[in-house]
Amino acid sequence: MRIDIITAIPKLLESPLGHSIIQRAREKRLVEIHIHNLRDYATNRYKSIDDYPFGGGAGMVMSVEPIFKVIGKLTGERKYDEIIYTTPDSERFTQKIANNLSLMMNIIILTGHYKGVDQRVRDHLITMELSIGDYVLSGGELAGAVITDAIVRLLPGVLSDETSALTDSFQDNLLAPPVYTRPANFKGWKVPEVLLSGHAEKIEKWRLEQSWDRTKKIRPDLLKDEE
Ligand code: 6GU
């Protein structure tokens, strides 16, 4: 899979996508992640990528020209399955969407910044808009990193234990059960007896119960919408 990320602040994405599991996936060539600096595509002599909003109002608006230029260059090189724009006023990103995107060959993620992007970008260039939750970030860059991370860890071979992505919270609309490691007794804080029993069936049953109880208590909404 290939992911092209277009951003005004490349540094905000390079670090989160340059370490640990995602970095190893890149080194193993399981994914290609290319980060493009929008400023390199500025068309005027001031190298600006934003401007004042028509009609007045606070904040700057990301201009259509540089975005058109970089997306045009990329789509001229290969076909893209989705061209995504990160913005809080859009559909909520979920595990289901991550699963779907992880099956694609090539995607572009345009990360929003400033007061927003010229609406013509959204109308004519973007195929999908995603928000990562009901709160406002100072920019869409971190949202782009979150979405990329959630996709890449699902790609075959990225996680060492093939089943571990399948047992994540949300994959079956249940929160994950608690986990423990040594020591079995730390200052009197004991690990549940069943986990030390070696009885695989009982352990599985306990984990499922824990998942259910935690979901009912913390996220009952997940039990309702079986999407
Ligand atoms: Cl995608 N962008 C911004 N700026 N804030 C957000 C978001 C995106 N998703 C949740 N909050």
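A residue counts as buried under 20% relative accessible area, as exposed over 50%, and as partly exposed in between, with a 1.4 Å probe and protein chains only. The model is predicted, so local features need pLDDT of at least 70 and side-chain atom pairs count only at pLDDT 80 or more, while totals for chains, interfaces and linings use all residues. Residues are numbered from 1 along each chain as its sequence is written, and side-chain values use heavy atoms, with hydrogens and water left out.

## Overall fold

The protein chain has 227 residues, of which 39% count as buried. Nine helices and nine strands make up its secondary structure elements; helices (H or I, at least four residues) and strands (E, at least two) are DSSP runs numbered from the N terminus. Along the principal axes, the C-alpha atoms fill a box of roughly 70 × 40 × 35 Å.

## Ligand site

The ligand is surrounded by 13 residues, and the closest are Thr87, Ile132, Gly133, Tyr135 and Leu137. A residue is included here if one of its heavy atoms lies within 4 Å of the molecule. The shell consists of seven nonpolar residues, six polar ones and no charged ones. In this count Ala, Val, Leu, Ile, Met, Phe, Trp, Tyr, Cys and Pro are nonpolar, Asp, Glu, Lys and Arg are charged, and the others, Gly among them, are polar.

Strands β5 (82-92) and β7 (128-131) each supply at least two residues of this shell. The most come from β5, which gives three residues.

For leucine 137, a backbone N or O atom lies 3.0 Å from a ligand nitrogen. Serine 131 places an N or O atom of its side chain 3.3 Å from a nitrogen of the ligand. With glycine 139, the distance from a polar backbone atom to a ligand nitrogen is 3.5 Å. Taken alone, the ligand exposes 290 Å², and the protein buries 96% of that. Accessible areas come from the Shrake-Rupley method with a 1.4 Å probe; for residues, only the protein chains shown count as cover.

## Salt bridges

Side chains of opposite charge can pair when their charged atoms come close. A salt bridge is a side-chain nitrogen of Lys or Arg within 4 Å of a carboxyl oxygen of Asp or Glu. The whole structure holds 11 of them, including the pairs tabulated here.

| Lysine 73 | Glutamate 77 | 3.3 Å |

Lysine 73 and glutamate 77 are four residues apart in helix α3 (residues 64-77), so about one helical turn separates them. Lysine 73 is partly exposed because its relative accessibility is 38%, and glutamate 77 is also partly exposed, at 43%.

Arginine 153 counts as partly exposed at 22% relative accessibility, whereas aspartate 168 is buried at 16%.

Elsewhere, Arg2, Asp4 and Glu32 are linked in a network of salt bridges.

## Asparagine contacts

Asparagine 106 belongs to strand β6 (residues 106-111) and is buried, with a relative accessible area of 13%. A polar atom of its side chain lies 3.0 Å from the backbone oxygen of lysine 79.

Asparagine 185 is in strand β8 (residues 185-186) and is partly exposed at 41% relative accessibility. Its side chain reaches the backbone nitrogen of glycine 188 at 2.8 Å.

How values were computed
Polar contact = N/O pair within 3.5 Å; in protein donor to acceptor, adjacent residues only side chain to side chain.
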